[in-house]
Amino acid sequence: MNIEKILTELSNGCAIGSVTDAVKLLEKQLSKYGTIEKSNGLTRSLTIKGKDDYTLLIDAHIDEVGFVVTDVSDSGFLTVSNLGGIDLRHLAAKPVTIHGKKKVCGVFVSTPPHLDKNDAVPENISKIKIDTGLGNSAKDIISVGDYVTYRQTADILNGDTVCGKSLDNRAGVATLILLAERLHKKRLPITVEFLFSDAEELGLRGAKTAAFKSTADEAIIIDVSFGDGPDIPATKCGILGAGGMIGMSPVLNRDITDKLILLASDNAIPYQNEVMGGKTSTNADAVSICGGGIPSGLISIPLRNMHTDVETVKLDDIISVADLLEKYILSGGLKNA
């Protein structure tokens with residue numbers, strides 16, 4: 001599998017609300033390895049049966065941050081509300097795609113510095129308009145409630161470093177696609193349920209409903225976390241290229257965490273520790289308390305520029321996380337701990 005190609009295509013696709021480009025690509029890849037189950041929204045799942053019914057659920061959310069149109073002016077400027085966490089500092093002059101009756105290119109307006117000496121960040125996203133260039137014909141194509149996504153094509157910065165939009169969490173999705181390819185023809189000691197959940201950016205919503213329905217015995221969540229960069233404290237980030245970040249938190253099951261660390265150490269798989277407090281801010285927070293509670297672990301891929309259109313990851317980290325998950329599954333997970 002060409003993981004670079006898969007990741008860049010996933011990044012370029014969109015998955016938010018009723019916009020399903022990236023989900024269609026996911027389905028095309030997953031269909032090679034079994035029957036895909038569709039759930040509410042964008043959520044998709046695939047189960048690979050093992051020798052035992054003991055089941056490990058592995059989740060990566062497929063949705064992305066974006067916007068929804070709240071007003072279309074007579075002059076063709078759009079007002080939007082954010083869907084997920086958006087840093088308003090980065091919006092001025094950003095290109096976007098409006099998913100109306102047809103796809104429309106737009107750009108967040110930017111007042112020239114010659115005319116605005118106020119460097120303050122707008123207090124509300126409604127103050128930053130999107131220019132469609134359509135003038136008074138915008139209302140014929142765009143309606144209130146239409147979704148808006150960043151318009152950015154993924155690129156390779158250097159070697160194995162990929163930069164683009166929605167790598168939170170298409171990096172995790174690509175990891176699970178790679179893992180499914182490796183596992184589907186192997187005789188597995190346990191059953192693996194792959195979950196690609198929706199609406200994580202809106203409050204872990206897809207994982208809550210999917211985990212409630214699941215009969216999994218344990219779970220591992222694959223997401224992204226803060227990558228290193230200038231002025232980012234070393235204690236609050238992982239290093240790109242140094243492997244997946246194994247979560248350590250009271251939310252997480254310590255037996256899963258310890259086994260992941262042991263397997264990584266014994267098999268020379270690069271990894272880092274990520275220590276968190278009373279929540280992980282990932283789907284692990286939902287899955288671990290859903291129903292009677294599913295014991296959960298967490299591995300995060302280090303990512304720079306989170307929730308922007310230039311998120312950055314290293315392919316080596318994706319591969320090392322897939323390596324670790326494969327070892328964990330072939331060892332029988334907690335069933336054989």
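Reply: Start with Phe67, which sits in strand β4 (residues 66–72). Helices (DSSP H or I, at least four residues) and strands (E, at least two) are numbered from the N terminus. The model is predicted: local features need pLDDT of at least 70, side-chain atom pairs count only at pLDDT 80 or more, and totals for chains, interfaces and linings use all residues. Residues are numbered from 1 along each chain as its sequence is written, and side-chain values use heavy atoms, leaving out hydrogens and water.

Phe67 has 0% relative accessibility, so it counts as buried (under 20% relative accessible area; exposed is over 50%, partly exposed in between; 1.4 Å probe, protein chains only). Its C-alpha lies 8.9 Å from that of Tyr150. Along the sequence, Phe67 and Tyr150 are 83 residues apart.

Val287 belongs to helix α6 (residues 284–287). Its relative accessible area is 0%, so Val287 is buried. Ala211 is 76 residues away along the chain, yet the C-alpha atoms of Val287 and Ala211 are separated by 5.7 Å. Leaving out residues up to four places away in sequence, Val287 touches Leu57, Ala207, Ala211, Ala219, Ile221, Gly293, Ile294 and Ser296. Contact means heavy atoms within 4.5 Å.

Now helix α1. It holds Ser11. Ser11 counts as buried because its relative accessibility is 0%. Beyond neighbours within four places in sequence, Ser11 contacts Ala154, Gly164, Lys165, Ser166, Leu167 and Arg170.

Helix α1 covers residues 3–12, and helix α2 covers residues 21–30. Their axes come within 8 Å and cross at roughly 150°. Axes are lines fitted to C-alpha atoms, for helices over the stretch in contact, and angles between N-to-C directions run from 0 to 180 degrees. Helices α1 and α2 are therefore roughly antiparallel (over 145 degrees; under 35 is roughly parallel, 65 to 115 roughly perpendicular, the rest oblique). On the α1 side, the contact uses Ile6, Glu9 and Leu10. On the α2 side, it uses Ala22, Leu25 and Gln29. The contact of α1 with α2 has 4 nonpolar residues, 1 polar and 1 charged. Here Ala, Val, Leu, Ile, Met, Phe, Trp, Tyr, Cys and Pro are nonpolar, Asp, Glu, Lys and Arg are charged, and the others, Gly among them, are polar.

Helix α1 also meets α7. Their axes come within 11 Å and cross at roughly 105°. So α1 and α7 are roughly perpendicular to each other. Ile3, Glu4 and Leu7 of α1 meet Leu315, Ile318 and Ile319 of α7. The contact of α1 with α7 has 5 nonpolar residues, no polar ones and 1 charged.

Gly332 follows α7, and its phi is positive, near 95°.

Last, helix α5. Its buried residues are Ile256, Thr257, Lys259, Leu260, Ile261, Leu263 and Ala264.
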